Amino acid sequence: MTALFMMALVVSLPGLVYSFNPLISFNGKSTTHRDITQRAVLRKTAEVCRDIAASEGREFLLTIDDNVSFLEVQRACSSTGSSTSLQSTIKFLNSILNMILSNAIVDVAFALSEKHHFDDESFRGGRDVIATGVAAVKASVRLENFVAGRSTLGRVLHTLQDFYSHSNWVELGNMAPYSILITPDQPLQNLAGLSTPTCRSCSGGSCATNLLPQGLLTSGYFSLFSPDKPAGKCSHGGSLDQTSTHDPVGGINKDTVESNHGSFHQKAADLAVGATLELLEDIRLAVGDKDFLLLMGLSQAPVLCFVIDTTGSMSDEIAEVKRVSFKIIDEKRGTPQEPPAYILVPFNDPDFGPLFMTTNADVIKDRINSLTAEGGGDEPEFSLSGLQLALTAAPPSSEIFLFTDAPAKDAYLKNTILALIQSSKSVVTFYLTNVFARRRRRSQGVASRAMSRSDDQLYSDLAQASGGQAIQVRKADLSFATQVIQDSLATAVVTVFQVVRNPGRPDRFTFTVDGSLRNVTAYITGTSSLTFDLTSSTGVTQSSSQSSGPLASFSTIGNLHRLNINTDNQTGLWEIRVNSTNPYSVKVTGQSTLNFIYNLVEADEGGRGDFSVKEGRPPSGGNASLLVSVTESDTVKVTEVTMLDSSGTTEVNGSLQSVGKGTFLVTFSGIPAGDFVVRLRGEDNSSTSRATQRSFQRQASTQISTSSISVIAQANTTNIEPGSTISVPFTVATTVNGVVNDSATETFTVRTNNDRGYSLTAPSTVTIAAGIANGTVTLTAPASAASGTEVTLTIEAENTAANDINYAVLRLFVVAKVSDISRPVCQVVRSTNCPSSPALCTSSQWEFVANLTDGINGTGIESLTIRQGNGTLNTSTAAGVAGENVTVASYSASCCSQNVVLAAVDRVGNVGTCVGQARESTPVSTAAPVTTTALKTTSAGRHTESLSHFIYLGVAFSVLWK
């Protein structure tokens with residue numbers, strides 16, 4: 001009961017933030033976790049791209065500093081090198097923003113955990129958090145689960161960055177990061193003992209001299225509830241810290257410029273940037289440059305994700321998936337538009353999955369090519385179970401395509417799918433091939449009923465919620481309808497306008513075509529009796545009876561009307577008039593680098609007024625806040641952000657506040673019950689032509705639904721070891737205009753689900769007493785669960801009338817206990833001479849030889865690569881004296897390149913680095929060699945002869961071990 005009460009209290013006081021501000025600095029003077037993370041990520045990404053360009057002999061013209069932007073980094077990293085090509089930063093921006101939001105949530109999820117913030121002198125605990133998290137990041141990357149790796153990395157960075165704000169590292173005069181925090185095999189040094197006083201009380205309102213000058217490492221103590229702390233110890237400080245009211249009074253935190261030690265704030269922030277760069281470099285060395293860039297989300301293209309029914313009647317659909325996917329893969333391979341990953345989820349009855357994800361185009365082609373249509377018998381299939389796997393594996397804001405000719409056997413997952421759609425903001429398009437005709441199971445020769453209207457409506461509801469489409473098409477016409485897939489996967493696709501009318505009614509819709517839009521396309525879905533007219537900004541009209549005309553060319557396949565609109569020299573306000581009394585949808589897209597993303601956030605009621613990400617639906621009748629980020633922010637002025645009711649009858653305008661770097665805090669008051677989408681309008685000042693339309697509009701695809709139910713879930717850890725169980729307490733409450741109704745009494749139906757099928761227990765109902773109901777979910781990971789696996793847990797609560805629902809989505813991570821924390825060890829054999837005259841370097845070679853081992857109990861060296869140097873590396877393996885595996889590295893290069901850096905990575909991602917250089921004097925003699933037999937020889941660079949079969953035990957003075 002105590003744990004549940006504490007969890008509810010923490011959530012009710014989100015102002016518990018006591019670190020660098022997570023997201024926003026309203027005074028404009030303090031540096032936030034968002035600033036620190038973004039600066040470091042952009043710099044490190046640019047450095048990796050620079051090194052790749054150098055290795056490929058390409059120019060890299062970007063000057064790397066703290067002021068580089070997303071667009072500058074993406075352009076510099078593009079192999080095309082063109083500043084005029086259509087390059088949208090929305091995927092890159094969204095990836096880093098999700099990392100930043102994961103960073104920010106630590107202040108809520110682990111508000112009372114001293115080790116997650118390096119409070120209470122918990123240096124060993126804090127380093128353990130970092131070590132465990134970094135191991136999980138590397139494990140996720142090995143599984144090509146970059147979404148999970150990115151989320152874990154964001155949380156790890158919060159803890160690492162807090163060290164510099166909460167400890168006295170800066171005050172001790174240190175000018176470089178404390179690298180031992182990311183090297184757990186090294187001892188922490190110079191720590192103040194528990195009984196050692198570290199502070200005196202602040203005097204006269206100033207804490208400038210409250211640290212005792214004994215030169216020991218300490219951090220402040222913090223508590224919301226008790227003033228107690230060890231005698232003579234420093235406090236964190238601030239209005240919420242009760243320990244700071246007792247001797248020694250005051251604090252030492254540097255969270256903002258107004259903090260007790262605010263004069264050190266910027267130095268702490270700069271060191272936090274440096275520490276973040278160090279950690280990113282460690283991960284880069286462990287996973288390699290390609291996977292590091294995928295982890296950072298540096299991509300212009302979305303993932304290619306198919307969810308497909310593989311029962312006996314689906315042979316036509318499978319053949320079309322093969323055709324269209326192979327076409328996309330082959331056309332985009334090797335270009336900036338190549339998908340960063342490929343996802344395939346088959347389903348039928350009684351099975352679904354497994355999910356298959358890879359970054360290798362040839363591998364996914366082989367897997368898709370192996371699909372066959374077989375089995376089945378009864379009509380429904382596990383389509384939503386397959387879709388659930390895709391939604392939890394794909395990056396946020398992905399495009400997912402589902403093919404089926406059967407109703408969903410697992411329709412009970414509808415609310416879970418809606419929760420995942422709204423949480424991930426992914427767009428789902430359904431291809432339904434059995435609406436117009438009776439379904440025939442060719443494999444059995446048995447005819448069964450066609451998909452009913454209610455079956456079709458389920459898919460339509462999900463498509464509408466995600467901003468996708470439910471395309472009904474005959475099997476013979478499927479190849480024409482899949483043009484939508486190629487449209488969606490084009491570069492820099494934006495949604496200009498989208499609306500659904502259900503029930504249908506004749507209506508007119510306007511949308512703005514701006515000068516940045518290319519290849520504008522409209523999609524209208526509805527019955528065959530639907531008609532429409534398209535009118536340009538110049539007043540020209542074309543009706544649906546004209547398949548080709550002055551404004552567009554039309555094609556109609558099934559219930560889909562696709563319009564290729566000719567907008568040349570016709571920017572401004574356009575109109576589509578639809579005449580139908582049946583349900584229909586209208587969607588207008590185009591290609592543009594100007595786009596936006598948003599995230600629901602909730603305001604801190606106390607503390608410093610910052611914000612943190614909000615899971616679940618906003619309260620009906622209450623207030624809501626969005627954090628909106630806009631691309632092309634240097635040339636764009638945002639004038640309006642509006643929430644539009646899906647019926648088109650209600651608009652709620654938001655109050656805008658710029659918080660810097662193209663990001664806006666948008667606050668809405670009194671949002672009525674319903675389903676809404678977000679529309680952004682503004683002025684684009686990038687064009688110098690007066691004739692170019694400067695006004696623009698963009699619309700988010702995913703609906704935001706409100707609820708009068710509050711569901712809050714918070715685990716005390718997000719990590720779960722294989723074979724162990726985690727408990728997740730949650731609370732359910734009813735709200736009136738966003739405020740908890742303390743007098744309410746009601747019983748709610750509770751549904752819990754996880755995408756991995758792990759064993760879980762949870763109450764089926766909870767009953768409110770005194771306004772809040774408590775419950776607990778337990779989830780057990782099997783012993784065979786791979787470290788780095790992400791588990792998405794969904795908790796739903798539905799009212800008695802079954803007309804209102806809300807949810808909490810938690811992402812948990814399987815993390816095996818780290819037993820190997822030691823980096824590979826280097827013993828140097830020799831480093832040979834180069835002539836002292838630079839003029840002779842072209843005709844001379846030098847050689848560097850070293851033995852590397854991961855020790856007797858290590859996991860073994862997995863890779864050895866050249867991080868710096870233009871020579872050739874050969875490796876062989878042999879048994880050492882104590883039976884350990886030894887990797888013998890032999891590097892040779894021209895004397896014009898006299899330095900080398902080798903990176904050795906063991907099987908759990910620990911990284912060791914050898915730095916060597918050519919000598920200019922007679923080499924120091926080494927110990928006598930021990931003859932061994934080489935087990936394996938590999939080479940990097942140009943081909944060389946085999947290595948000598950000797951392992952030397954000496955150490956050359958020219959090599960530094962990091």
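## Strands and helices: worked exercises

Strand E4 (residues 399-404) is mostly covered, with six of its six residues buried; buried means under 20% relative accessible area, exposed over 50% and partly exposed in between, using a 1.4 Å probe and protein chains only. This is a predicted model, where local features need pLDDT of at least 70, side-chain atom pairs count only at pLDDT 80 or more, and totals for chains, interfaces and linings use all residues. Residues are numbered from 1 along each chain as its sequence is written, and side-chain values use heavy atoms, leaving out hydrogens and water.

**Exercise 1.** Sort the residues of E4 by face, then find the strands that E4 pairs with.

*Solution.* 
- Now the pairing. Strands (E, at least two residues) and helices (H or I, at least four) are DSSP runs numbered from the N terminus, and two strands pair if DSSP finds at least two bridges between them.
- Strand E1 (residues 304-309) runs parallel to E4, joined by four bridges, and Val307 has Leu402 as its bridge partner in E4.
- Strand E5 (residues 427-432) is also parallel to E4, with six bridges; here Phe403 stands opposite Tyr431.

**Exercise 2.** Describe how helix H2 (residues 33-55) packs on H4.

*Solution.* 
- Two packed helices are described by the angle between their axes and the distance between the axes.
- The H2 and H4 axes come within 10 Å and cross at roughly 135°. That makes H2 oblique to H4. Axes are lines fitted to C-alpha atoms, for helices over the stretch in contact, with angles from 0 to 180 degrees between N-to-C directions; under 35 degrees is roughly parallel, over 145 roughly antiparallel, 65 to 115 roughly perpendicular, and the rest oblique.
- Residues of H2 in contact (heavy atoms within 4.5 Å) with H4 include Val41 and Leu42, and those on the H4 side include Ile96 and Met99.
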